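Please consult the sequence and the structure shown here while reading.

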Amino acid sequence: MNGMGAWTSFKALESGGKASIVISLISLFPLLTVVLAVALLHERLTGMQMAGAVVAIAAAILLSLEPAPAKVGA
């Protein structure tokens with residue numbers, strides 16, 4: 001799984017993804033573990049843990065947004 005994760009990150013960077021966005025999104029992989037733990041193992045999240053997950057997802061969304069390019073001239 002580690003090798004597949006590295007391979008997908010290299011492919012994302014190779015295909016033109018900005019490193020600042022790709023690396024930040026890849027580092028959110030623990031959220032998948034949390035989702036699987038809740039779904040399969042019936043783990044419970046505390047309010048602080050849930051807030052952290054929500055903030056991490058919001059940060060990923062904000063990182064992926066890019067402003068429209070400024071028009072030069074006229």
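The model is a predicted one.

**Overall form**

The chain contains 4 helices and 0 strands, arranged along the sequence as α-α-α-α. Its radius of gyration, 17 Å, is well over the 11 Å given by the globule rule for 74 residues, so the chain is more spread out than a compact globule. The C-alpha trace spans about 60 × 30 × 15 Å along the principal axes. Of the 74 residues in the chain, 9% are buried.

**The largest pocket**

The largest pocket has a volume of about 320 Å³. Its lining consists of M1, N2, M4, G5, T8, I26, F29, L32 and T33. Helix 1 (2–14) and helix 3 are the elements that each give two or more residues to this lining, and helix 1 supplies the largest share, with 4 residues. The classes of the lining residues are tabulated below.

| Class of lining residue | Number in the largest pocket |
|---|---|
| Nonpolar | 5 residues |
| Polar | 4 residues |
| Charged | no residues |

**A backbone feature in a loop**

Most residues other than glycine have a negative phi. H42, which is not a glycine, has a positive phi of about 60 degrees. H42 lies in the loop between helix 3 (30–41) and helix 4 (47–64). With a relative accessible area of 64%, H42 is exposed, because this value is over the 50% cut-off.

Methods. Residues are numbered from 1 along each chain as its sequence is written. This is a predicted model: local features need pLDDT of at least 70, side-chain atom pairs count only at pLDDT 80 or more; totals for chains, interfaces and linings use all residues. Side-chain values use heavy atoms; hydrogens and water are left out. Buried means under 20% relative accessible area, exposed over 50%, partly exposed in between (1.4 Å probe, protein chains only). On a 1 Å grid over the protein atoms alone, a cavity is a set of points where a 1.4 Å probe fits but cannot get out, and a pocket is an open set with protein on both sides within 12 Å along at least five of seven lines; lining residues have an atom within 4 Å of a point. Grid points are joined across faces, edges and corners, and a volume is the space filled by probe spheres set on the points. Ala, Val, Leu, Ile, Met, Phe, Trp, Tyr, Cys and Pro count as nonpolar, Asp, Glu, Lys and Arg as charged, and the others, Gly among them, as polar. The radius of gyration is taken over C-alpha atoms; the globule rule is 2.2 Å times the number of residues to the power 0.38.
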